[in-house]
Amino acid sequence: MDVFLNLPVLVQVALKGLAVICVMFPIAGACSMAERKVSAWIQSRPGPNRTILPVFRWVPVVGPFLQKLGAFQLAADGLKFLFKEEIVPGQVNRLYFILAPVIAMIPALSTVTFVPFGASIDHAGRVFPLMLANVDVGLLAVFAVASLGIYSIILAGWASNSKYPFLGAMRASAQLVSYELSLTLSVLPVFLWINAPGTAGTMSLAKAVEFQSQAGFWGGAWFIITMPVSALVFIIALFAETNRQPFDMPESESDLVGGFHTEYGAFKWALFFVAEYSNMIVGSGVFVLLFLGGWNPIPWVSLATLAGWLGIAGHPVLVGAISILIFIGKILAMLFFFMWVRWTVPRFRYDQVMEIGWKKLLPLAIANLVVYAIGIALIQK
Amino acid sequence: MAVVPLQRKPLTFAERTYLPQIAAGLWTTLRHLVKPAETLQYPEQRPAIPPGYRGAPTLVRDPNGREKCVSCQLCEFVCPPKAIRISPGAVPEGSGRDHVEKGPLAFDIDMLRCIYCGLCEEVCPEEAIFLQNQYSMSGVTRAEMVNHKDKLLEMGGTLPDRHFKWDRKKAAEEAGGAHH
Ligand code: SF4
Ligand code: SF4
């Protein structure tokens, strides 16, 4: 750790960036494979299970298992994207066309840095979060940067200079703007509750988890238990924000061919794909941190308690590893939920999306905020 | 015609939130998720062919091992896409088929033309041509896709005879009647 901290700042930054890229790209790839597998299982199919590297054919149990899981298909698809011909259609605005997927990566990769992915307990017994950029504005930063993602979609739709991408981009911007309101309003009760009068104000996600790991009945309850409506509004808005079914208006294949990425192919298309999955991962992460207790194993049992039970309270590294495992496990569960919903619910019509966003979700979020604001004011005086 | 106005019940509040329906849908898909896959791993696993399946047309032999086709060419004429081409000829001496006058010298079915309609099987007076269970035909040239007589007989094999037409005719002749 000290070796790392003694490096020049620029090298540290570069290393962190590289780490993010090296982690997010394979995870996004794995997500796409998981998506195919989950969809297959839900449709009573086995999914991709044929591709195998000749070398692995001779490895007894592991080879066939990985083959069944489609692990090599994943690698083959990734390689295919790298070696495919990069076609840039003639009618596009070249600069913006190429810029769009690059811009898509910026929020996708940079929001990760604000998300604490675990916690550890130092020798003094204090819990400290593990994250790349421990800034106090936490959630605000995530929201601010994540909303930049819309620019890449608009740019892609506009630069493509063809009607389906354009329609997709228009829909995307309308949809994201409408649901961002509900998304932000739904988390306000959480932070109203955390920032009790007299305490130092914070928007930090780690603080939210800390709040769910206190002792006592109300201290240990996850926010999904104490604020179910917030959680519901947040998750619905999250589905819309990440362009996932049933809100995948921007790309709805059946009416827009491919939406904003119709004209894209090869690696540029793959970048959009990675960006979408990264957004999903970050969104799930934020949901887990805010409402599902972050790295606490189960409600009313905090990480510190668990460490005490396992007798590893004095080992920061072990505790950290366990907390990361728990957190990643929850994120995977969330990702599975995303996919599960995608292969269950049909797409909403565009006017329905707008109606749900403005006429149902937004009033619900506002009512929820008012009720909780009054309640919290009465409790915290 | 009487017009029956349909009473559409307004959606209940629970239905308008979509949530109970989504939960029910999730439950349905979850059950499918844990169910074993229905997929047939094709080249390794083959489907069971039901009786009456119309696969590639083939020529069959009778239980005595003799070719049944008498080269009447009815199938050639009935075949809608003209996939069959027959060159009739005399039955060679000592071939064990002296009971018939003619037999095909060549019998070609072009599988690129055949539409698997089964009319040839239906029209054949000798029950010599059957659409059996071969469904996977492949070849790299057009010529390869034409099944010649040997191939057709090999694909057809022997089918149990239901009538023993020629045996009955022979028995009737031996019993003295010119016609049976
Ligand atoms: S099945 Fe139909 S198309 Fe094929 S050979 Fe027989 S009559 Fe012709
Ligand atoms: S297969 Fe049947 S219909 Fe065709 S020529 Fe032979 S006997 Fe006649």
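**Salt bridges, interface and ligand shells**

A: The structure holds 12 salt bridges over all chains, a salt bridge being a side-chain nitrogen of Lys or Arg within 4 Å of a carboxyl oxygen of Asp or Glu. This is a predicted model, in which local features need pLDDT of at least 70, side-chain atom pairs count only at pLDDT 80 or more, and totals for chains, interfaces and linings use all residues. Residues are numbered from 1 along each chain as its sequence is written, chains are lettered from A and ligands numbered from 1 in the order in which they are written, and side-chain values use heavy atoms, with hydrogens and water left out.

Q: Which residue forms a salt bridge with A:Arg36?
A: The partner is A:Asp77, with the closest N and O atoms 3.0 Å apart. A:Arg36 lies in helix α2 of chain A and A:Asp77 in helix α4 (residues 71–83) of chain A, so the pair ties together parts that are 41 residues apart in sequence. Helices are DSSP runs (H or I, at least four residues), numbered from the N terminus.

Q: How many salt bridges does the rule find across the interface of chain A and chain B?
A: The rule finds one. The side chains of B:Glu44 and A:Arg50 meet in a salt bridge, at 3.1 Å from N to O.

Q: What area do chain A and chain B bury between them?
A: They bury about 1500 Å², 65% of it on carbon and sulfur atoms; buried area is the accessible area (1.4 Å probe) that two parts lose on being put together, summed over both. A:Ser44, A:Arg50 and A:Trp340 supply 34% of the area that chain A buries against chain B, more than any other three residues.

Q: And how many residues are in contact?
A: In chain A, 20 residues are in contact with 19 residues of chain B, where contact means heavy atoms within 4.5 Å.

Q: Changing topic, which residues come nearest to ligand 2?
A: Of the 13 residues around ligand 2, the nearest are B:Cys69, B:Cys72, B:Gln73, B:Cys75 and B:Cys124; a residue is near if one of its heavy atoms lies within 4 Å.

Q: How does the shell around ligand 1 divide by class?
A: It has 11 nonpolar, one polar and no charged residues. Ala, Val, Leu, Ile, Met, Phe, Trp, Tyr, Cys and Pro count as nonpolar, Asp, Glu, Lys and Arg as charged, and the others, Gly among them, as polar. The residues around ligand 1 include B:Cys79, B:Cys114, B:Cys117 and B:Cys120.

How values were computed: Helix = DSSP H or I, 4+ residues; strand = E, 2+ residues; numbered from the N terminus.
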